[in-house]
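I opened a new page for this structure. My entries follow the order in which I looked things up.

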Amino acid sequence: MRARGISHSSSLSTMAVEIMFKLAEGAVMPVKATSGSAAYDIYALTETILLPKQVTLVRTGLSWAAPRGYCMEIWGRSGNEIKGLVRVAGLVDADYRGEIKVAIFNHTDEPITLPGGERFAQALIKRIPEVYL
């Protein structure tokens, strides 16, 4: 695994924060498609067959290290949702160190092949306030 970082500016602060990612062999570093993008594109590590009417965990080959007070929301891509692929859930806590996998539901009646290296989700990195209940 190799480690690389991205610099992220939170909307709650003008301070940039460095988020470190470890990439498994073949993994693609999350990137913003344009300077105006809110989220980072996430890529499939390997080819994955998404069976009809089932949830499949798609490997990214990514793990991260974020400072306390940050989280990553995983969102679907609108183009995939039009094809019938829906992201099921996606919140990664700052202290999670395992591989980030994304749960995708194939809403169609046919298997769909997601090629390795294809963008299939988006990661929105957010600063979260400390809350006391």
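**Entry 1, the model.** I noted that this is a predicted model, where local features need pLDDT of at least 70, side-chain atom pairs count only at pLDDT 80 or more, and totals for chains, interfaces and linings use all residues. Residues are numbered from 1 along each chain as its sequence is written, and side-chain values use heavy atoms, with hydrogens and water left out.

I looked up the nonpolar core, a set of buried Ala, Val, Leu, Ile, Met, Phe, Trp, Tyr and Cys residues joined through side-chain atoms within 4.5 Å. Buried means under 20% relative accessible area, exposed over 50%, and partly exposed in between, with a 1.4 Å probe and protein chains only. The largest such core holds 30 residues, and Phe21, Trp64, Met72, Ile74 and Phe120 have the most contacts inside it. Strands that each supply at least two of its residues include β2 (16-23), β5 (55-65), β6 (70-76) and β11 (119-127). Strands here are DSSP runs (E, at least two residues), numbered from the N terminus.

I then took Met72 and listed its contacts, meaning heavy atoms within 4.5 Å. Leaving out residues up to four places away in sequence, Met72 touches Phe21, Trp64, Gly90, Leu91, Val92, Ile100, Ala123, Leu124 and Ile125.

I traced an open sheet of four strands in the order β3-β11-β6-β8, with antiparallel pairing. Two strands pair if DSSP finds at least two bridges between them. β3 and β8 (91-93) are at the edges with a single partner strand each, so one side of each has no neighbour in the sheet. Gln122 in β11 is the bridge partner of Asp41.

I searched for aromatic pairs, in which rings of Phe, Tyr and Trp (its six-membered ring) have centres within 6.5 Å; planes under 30 degrees apart count as stacked, over 60 as edge-to-face and the rest as tilted. I found one pair. The ring centres of Phe21 and Trp64 lie 6.3 Å apart with planes at 40°, so this pair is tilted. Phe21 is in β2 and Trp64 in β5, so the pair ties together parts 43 residues apart in sequence. Both Phe21 and Trp64 are buried.

I ended with Glu18, which is in strand β2. Glu18 has 54% relative accessibility and counts as exposed. Its C-alpha atom is 9.2 Å from that of Ala65, 47 residues away along the chain.
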